[in-house]
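Please find below a short note for a colleague who is meeting this structure for the first time. It is arranged as numbered points that can be read beside the model.

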Amino acid sequence: MTPEAAMRSALEQADRVKGATYPNPPVGAVILDRAGEPVGAGGTAPPGGPHAEVVALRQAGARAAGGTAVVTLEPCNHHGRTPPCVDALLAAGVSTVIYAVADPDPVASGGARRLAAAGVRVTGGVLADEVAAGPLREWLHKTRTGRPHVTWKFAASVDGRSAAADGTSQWITSEEARADVHRRRAAADAIVVGTGTVLADDPTLTARRPDGSLAERQPLRVVVGTRDISADANVLNDDSRTMVIRTHDPHEVVRALADRTDVLLEGGPTLAGAFVRAGLVDRILAYVAPVLLGGPVTVVDDVGVTTIGNAHRWRFDGMTSVGPDVLLSLVPR
C-alpha cells in the first residue's frame, strides 16, 4: 500500500469518529507491516479512550514492529487523559511514521521531532490539504483561532430562494440531501437558529437516521434572539439539550459557544446576514436544488454590501452531487 493510499484509509477512519472525539481531534491511523500490508486501523475513541495510533497498534499487535504508522495528525507528545502516542509508537517498534498535518497545539506538538530523535523515519505533509479540509477542518480552526468553526448551511432553489412566496419550504431539496444534513448534524457540536425560525417553522433540530429514529449523538440546539418562544416548541423537547441566548450579536453567540468546535448555523436570512456581516462564517454549505421559485424569500438578507466592489468574495473548495441536488462548499477567499 502506498503512503497516499494508506493516508486515504486513515482519513476514512477519521471520518467514522468525527463528532465523537471532542475535545480531542478526530484522527485516523493505519499500521502497515514490514511488507507494506495493512495490519491495523482505527480512529480516536471518545474522551478518555485511546487515540487513533493506539487503537491501530493494538489491532496490529507484534506485526507493527519494523512497520509504518500512517496518521492524519502528527502523533501527540503530551500526557493528558492518556499517555503520549509517541510512547506507544516507540514501544511498538515502528520504523517509519507518516503524517498529514502538523499539530498546531503547542502543548501536544513535538511528536515528529521526538520520533526522529529516536531514530524513526518521519515524513509529514502527505495529503495535508485533503486531510485539513476533511475531518480535521473544524478542530484545526479552533486550535489556531481559539473560537469555534462556524458553517452556514442552507438549502436553496437554483435562483437563491429558501422558500416559496407563501413561506413554504418543505421540501426544496431531495431526501438524499436531507439525509446528508442529518449526518452532518450528528457530527456537529451545536446547531444555531434564530427565534424567527423557531416561531415560523417549529423545527426539532435533531440528527436522525434514515429510518427517522434519533441518531446516537445529538448536537446542542441553540436559539438566538430576544423574542419569546413557546414552552411547547419542538426545539425545547427532550430529544437533546437546548441553549437560549438572548442576543442579536453573533459575537456574543460565538463566545457563549467557546467550548464547542463544530457549529452549524441553520438560521434564516436575518441571522445568516448578521453572521456574514460580523465575519464569523468560516464555511458555507449550500444545498442547491434544480428548482425555480422566484419570489421575495432569499437565503440571506443584508450582508453589508452596497456596491459590487464590496461584495463578499468566496472560493469553492468542493462540489458534490447529492441525489438530484448539488452541494457547494465555499470558504472565504
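This is a predicted model: local features need pLDDT of at least 70, side-chain atom pairs count only at pLDDT 80 or more; totals for chains, interfaces and linings use all residues.

1. The largest nonpolar core holds 35 residues, and the members that touch the most other members are M7, I31, L89, V97, V131 and L136. At least two residues of this core come from each of α1 (3-17), β1 (28-32), β2 (38-43), α2 (52-60), β3 (68-73), α3 (85-92), β4 (96-101) and α6 (137-145). In soluble globular proteins, nonpolar side chains tend to be buried together. For V97, contacts beyond its neighbours within four places in sequence are made with A69, P75, L89, L115, V120, R121, V122 and T123. There is also a second, separate core, which has 28 residues, with V150, W152, F154 and V263 among them.

2. Helix α2 has A52, E53, V54, A56, L57 and A60 as its buried residues, and these pack against β1, β2, β3 and α3. The helix is followed by G61, a residue whose phi is positive, near 60°.

3. Helix α10, which spans residues 269-277, has L271, A272, G273, A274, F275 and V276 as its buried residues. The elements that cover them include β6, β7 (190-194), β8 (220-224), α9 (250-256) and β10. Just after α10 comes G279, with a positive phi of about 70°.

4. Leaving out residues up to four places away in sequence, H149 touches R137, E138, H141, T261, D262, V263, D282 and R283. The side chain of H149 also makes a polar contact of 3.4 Å with the side chain of T151. A separation of 131 residues in sequence lies between H149 and L280, yet their C-alpha atoms are 8.5 Å apart in space.

5. A charged residue of helix α7, R185, is likewise worth a look. R185 is buried, with a relative accessible area of 10%, and a polar contact of 2.7 Å joins its side chain to that of E266. Not counting residues up to four places away in sequence, R185 touches I191, L205, T206, A207, P219, L264 and E266.

6. The second largest pocket has a volume of about 750 Å³ and a lining of 32 residues, with D15, K18, R183, R184 and R283 lying nearest its centre. By class, that lining has 15 charged, 12 nonpolar and 5 polar residues. The elements that each supply at least two of the lining residues are α1, α6, α7 (175-187), β10 (262-265), β11 (283-289), β12 (314-322) and β13 (325-332).

7. How many cavities of 30 Å³ or more does a search of the whole structure find? The search finds 2, and the largest cavity holds about 130 Å³ of space. This largest cavity is lined by 15 residues, of which G19, P26, D189, T261 and D262 are the closest to its centre. By class, its lining has 7 nonpolar, 4 polar and 4 charged residues.

Conventions:
Residues are numbered from 1 along each chain as its sequence is written. Side-chain values use heavy atoms; hydrogens and water are left out. Contact means heavy atoms within 4.5 Å. A polar contact is a pair of N or O atoms within 3.5 Å; within protein, one must be able to donate a hydrogen and the other to accept it, and residues adjacent in sequence count only if both atoms are side-chain atoms. A nonpolar core is a set of buried Ala, Val, Leu, Ile, Met, Phe, Trp, Tyr and Cys residues joined through side-chain atoms within 4.5 Å. Buried means under 20% relative accessible area, exposed over 50%, partly exposed in between (1.4 Å probe, protein chains only). Helices (H or I, at least four residues) and strands (E, at least two) are DSSP runs, numbered from the N terminus. On a 1 Å grid over the protein atoms alone, a cavity is a set of points where a 1.4 Å probe fits but cannot get out, and a pocket is an open set with protein on both sides within 12 Å along at least five of seven lines; lining residues have an atom within 4 Å of a point. Grid points are joined across faces, edges and corners, and a volume is the space filled by probe spheres set on the points.
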